[in-house]
Amino acid sequence: MTAPKIITERRGHILLIGFNRPEKRNAADFELLRQLADAYGVLERDPELRVGLVYAVGDHFTAGLDLGDIGPRIGADGLTIEGPDGINPWQVSGQQLSKPVVIAVHGTCLTLGIELILASDIAVAARSTTFGQIEVSRGILPFGGATIRFPRAVGWGNAMRYILTGDSFDAEEAHRIGLVQELVDDGEQFDRALAIAERVAAQAPLAVQAALANAKRAVRDGDAAAEAELQPALVRLATSEDAAIGMQAFLTRTEAEFVGR
């Protein structure tokens, strides 16, 4: 049997999701994309899972799309990668992930890799990582959300500088413009991302999801829509078991152990 192209592992409340096609620099063929979407579906559905951590096996995060496999699959309606139980990891199909994702990148991180960073919530990069949004050099456009999220994340000029030229840039530049939140020495990106994911997973999960949902609502539907949901969300959370646990931890100066209810 061939090895899965996406490997998953549950570590406490965290789902580790690993690109596992190192012999192809983790270039994404259709099978890898489908398995990645399935992993995101598992993260979304399982109430015991609170955070996803995306990383890659081998020397590179991803060389982008395997166009030899993907190109012929692009039909009149585009490309659909998610099966009945999957969620599009780039969340450009109308369905949003309700749980946060931390991502660790290294080596080469091209096209869909940048877009996966933009669709995630916190990114850690090894210092030697090289980035490139090179679709225009292949005769196509970024279709995983870069045209939408890249300008919002780093500013119009910074995004267009790389989307429209296809030029590569290094990790220092990625950090400067705000594409990634932390730089670490090579080989330390997974451990640092895991530490962040563990910190997020230790918080009250309903509160984390509510905060994430409200921030996403503001981006998608505007400030007024998000503002209208703040008080109802607060009332809902205030009556939760986790809110009582958090208050008790505050009063007793102990570490809260949240239950997700």
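A pocket, as the word is used here, is an open set of grid points where a 1.4 Å probe fits, with protein on both sides within 12 Å along at least five of seven lines. In this predicted model, the largest pocket holds about 560 Å³ of space. Its lining consists of 23 residues, and those nearest the centre of the pocket are L118, S120, R149, R152 and V219. Two or more lining residues come from each of α3 (112-119), β6 (122-126), α4 and α8 (205-221), with α8 giving the most, at 5 residues.

The second largest pocket is lined by 20 residues, of which L79, N88, V92, F143 and G144 are the closest to its centre. The table sets out the volume and the lining classes of each pocket.

| Pocket | Volume | Lining by class |
|---|---|---|
| Largest | about 560 Å³ | 12 nonpolar, 6 polar, 5 charged residues |

On the α4 side the contact is made by A146, T147, F150, P151 and V154, and on the α5 side by W156, N158, A159, M160 and I163. By class, the residues of this contact comprise 8 nonpolar, 2 polar and no charged.

Within α5 (residues 156-163), the residues A159, M160, Y162 and I163 are buried, and the elements that cover the buried residues of α5 include α4 (146-154), β8 (168-170) and α6 (171-177).

Note on methods
Residues are numbered from 1 along each chain as its sequence is written. This is a predicted model: local features need pLDDT of at least 70, side-chain atom pairs count only at pLDDT 80 or more; totals for chains, interfaces and linings use all residues. Side-chain values use heavy atoms; hydrogens and water are left out. Buried means under 20% relative accessible area, exposed over 50%, partly exposed in between (1.4 Å probe, protein chains only). Helices (H or I, at least four residues) and strands (E, at least two) are DSSP runs, numbered from the N terminus. Contact means heavy atoms within 4.5 Å. Ala, Val, Leu, Ile, Met, Phe, Trp, Tyr, Cys and Pro count as nonpolar, Asp, Glu, Lys and Arg as charged, and the others, Gly among them, as polar. On a 1 Å grid over the protein atoms alone, a cavity is a set of points where a 1.4 Å probe fits but cannot get out, and a pocket is an open set with protein on both sides within 12 Å along at least five of seven lines; lining residues have an atom within 4 Å of a point. Grid points are joined across faces, edges and corners, and a volume is the space filled by probe spheres set on the points.
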